[in-house]
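Dear colleague,

I am handing over the structure below, together with some notes on what I found in it. Please keep the model open while you read, so that each residue can be looked up as it is mentioned.

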Amino acid sequence: MLLIAAPWSAGAQADDCRQRLAAESLGESDHACLRLVYSQPPQHWPAPHVDADVAWQELGPLPERAPSPAGNPFSEVRAALGEKLFFDPRLSRSGQIACASCHEPDLAFADGRRVSFGHDRAAGRRNAPSVVMSGFSQALFWDGRAASLEAQASMPVADPLEMAFSMDELVERLRTSGDYPGLFAEAFAKRPLDAGQIAAALATYQRSLVRVARNTRFERFLHGRHEQLSDRQLHGLHLFRTRARCMNCHFGPSLSDDRFHNAGMTYYGRQYQDLGRYEVTGEAEDVGRFRTPSLRLVSRTGPWLHNGLFADLMGVLNVYNAGMPRPLPAPGMEKDPLFPRTSERFQALGLNGDELLALRAFLETL
């Protein structure tokens with residue numbers, strides 16, 4: 001229900017509600033105050049609960065597409081070519097695996113599996129995240145090993161567990177095909193088809209996928225259609241910004257800080273061990289750190305976390321509510337310089353069951 005107030009009083013009422021929200025003195029049924037405050041422009045929303053060193057940005061609507069680098073400007077022709085490549089199994093050695101095999105449109109460009117299957121049905125070791133928001137990341141993959149979307153685009157082709165091909169062989173296959181030479185000539189001003197163009201076309205298409213995330217309840221809410229969020233979802237938005245501490249890592253239009261954190265899920269020395277960012281940098285402090293994923297479309301992209309071990313979104317919220325695992329060294333490992341330490345960003349939250357349900361309800365609007 002929307003509050004209707006005279007123009008002269010709306011500002012005062014909103015200020016009173018903001019003060020009550022800041023003091024956490026609202027009752028569970030006092031949804032009108034929440035709705036009044038969050039019907040204001042975002043710059044007037046309650047300040048988020050974030051640590052002092054977090055350079056957060058306000059939540060906001062998405063642009064039409066992700067930004068393109070100067071060396072690969074966006075064009076519809078190039079995006080259309082990238083789309084054809086994305087769905088073409090000829091990019092794999094077997095001719096049976098396409099990019100879309102692990103990033104399916106019907107699953108928000110994820111694949112719904114704990115880990116994906118690749119060449120000869122080989123299982124990978126990490127969950128395939130949605131690529132809808134990939135154009136907003138400065139470092140790609142869970143461990144950040146690709147410095148650009150163009151660099152990322154070619155890596156699955158050569159990965160023996162994924163497409164098990166090589167870019168040189170792929171270039172030759174496409175050059176001798178009946179359809180691709182003309183399409184590349186149109187998209188790249190008649191230059192000879194090469195590996196850089198393949199990567200550029202795939203990256204251009206992926207930057208256009210942000211459109212998939214622009215038709216959600218939360219996006220419409222950000223554009224002023226405040227009835228799009230129910231009272232419970234609005235309560236979840238407020239918790240997301242405040243007591244749940246989500247905006248320490250998930251903020252701005254992309255809902256990610258694009259940084260790397262240790263959430264206590266390294267499984268060091270056990271089954272499922274994954275050293276994360278350390279495998280790229282070799283720095284001890286990076287053991288167990290993984291890139292913060294965007295939360296756009298999060299309710300459609302499970303199972304969750306880098307290893308896909310959480311099949312239920314409520315399970316993810318429960319472990320965050322507990323402050324994430326904080327494993328202790330086993331006997332003999334006390335002085336191990338690589339023993340991972342869970343980031344202090346993660347703290348026990350103390351949210352009750354109704355609050356967790358409200359938080360999940362909000363995440364489902366993203």
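**Overall build**

The protein has 12 helices and two strands, where helices (H or I, at least four residues) and strands (E, at least two) are DSSP runs numbered from the N terminus. Read from the N terminus on, its elements follow the order α-α-α-α-α-α-α-α-α-β-α-β-α-α. The radius of gyration is 23 Å, close to the 21 Å that the globule rule gives for 366 residues, so the protein is as compact as a globular protein of that length; the radius is taken over C-alpha atoms, and the rule is 2.2 Å times the number of residues to the power 0.38. Taken along the principal axes, the box that the C-alpha atoms fill is roughly 70 × 60 × 30 Å.

Please bear in mind that this is a predicted model, in which local features need pLDDT of at least 70 and side-chain atom pairs count only at pLDDT 80 or more, while totals for chains, interfaces and linings use all residues. Residues are numbered from 1 along each chain as its sequence is written, and side-chain values use heavy atoms, with hydrogens and water left out. The mean pLDDT (the predictor's confidence in each residue, from 0 to 100) is 93, and 95% of the residues reach 70 or more. Over residues 1-8, however, pLDDT stays under 50, and the model has eight contacts beyond four places in sequence for this stretch; contact means heavy atoms within 4.5 Å.

Of the 366 residues, 50% count as buried, a word that stands for under 20% relative accessible area, with exposed for over 50% and partly exposed in between (1.4 Å probe, protein chains only). Among the contacts between residues at least 6 apart in sequence, 67% join residues at least 24 apart.

**The cores and helix α3**

Which residues touch the most other members of the largest nonpolar core? Among its 46 residues, they are Tyr38, Phe218, Phe221, Leu237, Phe240, Leu363 and Leu366; such a core is a set of buried Ala, Val, Leu, Ile, Met, Phe, Trp, Tyr and Cys residues joined through side-chain atoms within 4.5 Å. At least two residues of this core come from each of α1 (7-22), α2 (31-38), α8 (217-222), α9 (231-241), α11 (313-321) and α12 (353-363). Leucine 237, if residues up to four places away in sequence are not counted, touches Tyr38, Trp45, Leu59, Phe218, Phe221, Leu229 and Phe362. There is also a second, separate core of 36 residues, which includes Phe86, Ala108, Val132 and Leu209.

In helix α3 (residues 76-86), the buried residues are Arg78, Ala79, Leu81, Gly82, Leu85 and Phe86. They cover an arc of only 160° around the axis, which puts them on the same side of α3; the arc is that of the directions from the helix axis to the C-beta atoms. The buried residues of α3 pack against α5 (167-175), α6 (180-187) and α7 (195-208).

**Details in the loops**

Alanine 244, in the loop between α9 and β1, counts as buried because its relative accessibility is 7%. Leaving aside neighbours within four places in sequence, alanine 244 is in contact with Leu239, Leu349, Leu351 and Leu359. Alanine 244 and leucine 349 are 105 residues apart in sequence, yet 6.2 Å apart in space, C-alpha to C-alpha.

The loop between β2 (289-291) and α11 holds proline 303, and the peptide bond from glycine 302 to proline 303 is cis, with omega near 0°. Leucine 309 lies in the loop between β2 and α11 and is partly exposed, with a relative accessible area of 28%. Not counting residues up to four places away in sequence, leucine 309 touches Arg114, Tyr267, Tyr272 and Trp304.

Tyrosine 267 is found in the loop between β1 (260-262) and α10 (278-281), and its phi is near 55°, a positive value in a residue other than glycine. At 21% relative accessibility, tyrosine 267 counts as partly exposed.

With kind regards
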